[in-house]
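Take a look at the model first, then read on.

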Amino acid sequence: MKTISNKVILCAAAIFTAVVSSTLVAPRASAASLQEITNFGSNPTNLRMHLYAPDSLPNNAAVLVAVHYCTGSGPAYYSGTQFASLADRYGYIVIYPSATRSGNCFDVSSPQALTHNGNSDPAAIISMVNYVKQNFSVDSTRVFVAGSSSGAMMTNVLLGVYPDVFKAGAAFAGVPFGCFATTDGSTWNSNCATGNINKTPQEWGNLVRAAYPSYGGTRPRIQLWHGTADETLNYRNFNEAIEQWTNVFSLSQTPTYTDTPQSGYTRTRYGSSGGQAQVEAISMQGVTHNLPVNAAEAIRFFGLNSSVSSSSLSSSSVVSSSSTPRSSSSIPSSSSAPTSSSLSSSPSSISSSFSSSSIPRSSSSSSSIATGARCNWYGSPIVLCNNTTSGWGWENQQSCVSRSTCSGQPAPYGIIGGTTSSAPASSSSSRPASSSSSSSSSVPSGQNCNWYGQRYPLCVTTPSGWGWENQRSCIARTTCSAQPSPFGVVN
């Protein structure tokens, strides 16, 4: 087998530090953790399976398959994206497959991978889905897939090869179905990666239809994301994918709806103008392959963004597994920068058409939480902090927002209900580990942090965790220094 391009390995590894979108989610207070499942069924390519099931699930829960990038793993994608945090809120199960071949890329190239019931990675992922169907109360008509880079390519593949299993998918920086196809055993297709495969919409659609010729049912919807400055999987693949999937749905390549959900982003919809169009495509101006994953928008597109009703909850359990806590030492809990520089760091600056009710991460604190009043944070009622004077806090196992930060939001948002006294000044020991606010400090020169293959500047004023100083994401020296070799502080 040919060695996969070093460029895609390095660029895909960088995604690990940038998969967090600007609409971040509060830390979970639940006891649920990532579980590894063994003996889940037919596994021709020796994939690993990890599973996240919230402590309580509705009957007939939905299932999401979240697929990592090259050099990644299921636990890394769990730690670096918000799909699990959103599962706590909305009540669905997340499957995290892990590729185990050299480079940790998924097979999206072989004839077996591109054929219904072929003997490769897609078949193993279907075994994982079937395992969940057999061991949990799930709705088999609500199975979804999302992924980044290699995982985005696999998203396209799964929708094409198993349209009878998946209802919709979200692909972050991928290529059309069949674009990466090879016949010599290689897993890398340079012509596709560089955007030099140009087919007619009909030709692209034929590739999908040929993957499962006898299928005549409803095709899964797709959401496509791509940066115009993608240096690994050329941006031309984005338009080719639009041509492919609009043809699969027998739609015009002329959008039925176009808007700008946030600065630099152009969203087009095909087939309908609503939030669950057959094809939705988001072009991200100036964004590289190292693009943020807006999990909340993917969940919105899937139609899963409805809070779980307590009357329909059931306790979840896993049959055969080993536990991987979210703060696993091999995947640091702070492994994701709180804000990608390619997105707005202010929740209030995000268009209401994008999900803006998700909540930034913050550090733990032993203080109590104010009672009575709450913060209406763009549609989500959040408790007010007692000891955090600005920004976000983590008090008594709950995420909270400070009174000053909440009060600064525009109407109709801000403090609602009840009365509480002003929050006392907090000591430095209870200060959040990271802040999305701007700082007047400078970032030290000469030293940086090698954060799992990505270089970040060291913070000056942030004592631990991640910070946002001089309009740049930075990492505290203490947090960086704690990472295992060869990562940590570098010149």
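How many disulfides does a search of the whole structure find? The answer is three. Keep in mind that this is a predicted model, and that a search for aromatic pairs turns up ten of those.

**Disulfides**
- Cys 70 and Cys 105 are joined with their sulfur atoms 1.9 Å apart, and the link is right-handed, with 125 degrees about the S-S bond. This pair ties together distant parts of the chain: Cys 70 is in the loop between β4 and α2, and Cys 105 is in the loop between β5 and α4, 35 residues apart.
- Cys 179 and Cys 192 make another disulfide, with 2.1 Å between the sulfurs. The torsion about its S-S bond is about 120 degrees, so this one is right-handed.
- Cys 179 is buried at 2% relative accessible area, and Cys 192 is buried at 0%.
- Cys 449 is bonded to Cys 480, S to S 2.1 Å. Strand β19 holds Cys 449 and helix α11 holds Cys 480, 31 residues apart, and both cysteines are buried.

**Aromatic rings**
- Phe 144 and Phe 302 are stacked, 4.8 Å centre to centre with 25 degrees between the planes. Their pairing links strand β6 to helix α9, across 158 residues.
- Phe 144 is buried at 0% relative accessibility, and Phe 302 is buried at 3%.
- Tyr 52, Tyr 78 and Tyr 96 form one aromatic cluster.

**Charges over rings**
- The charged end of Lys 199 sits over the ring of Trp 204, 5.8 Å from its centre.
- Arg 221 lies over the face of Phe 301, 4.3 Å from the ring centre.

Note on methods. Residues numbered from 1 in each chain as written. Predicted model: local features only at pLDDT ≥ 70, side-chain atom pairs only at ≥ 80, totals over all residues. Heavy atoms only, no water. Phe/Tyr/Trp six-rings, centres within 6.5 Å; stacked < 30°, edge-to-face > 60°. Helix = DSSP H or I, 4+ residues; strand = E, 2+ residues; numbered from the N terminus. Buried < 20%, exposed > 50% of the residue type's maximum accessible area, 1.4 Å probe, protein only. Lys NZ or Arg CZ within 6 Å of the ring centre and 35° of its normal. Disulfide = S-S within 2.5 Å.
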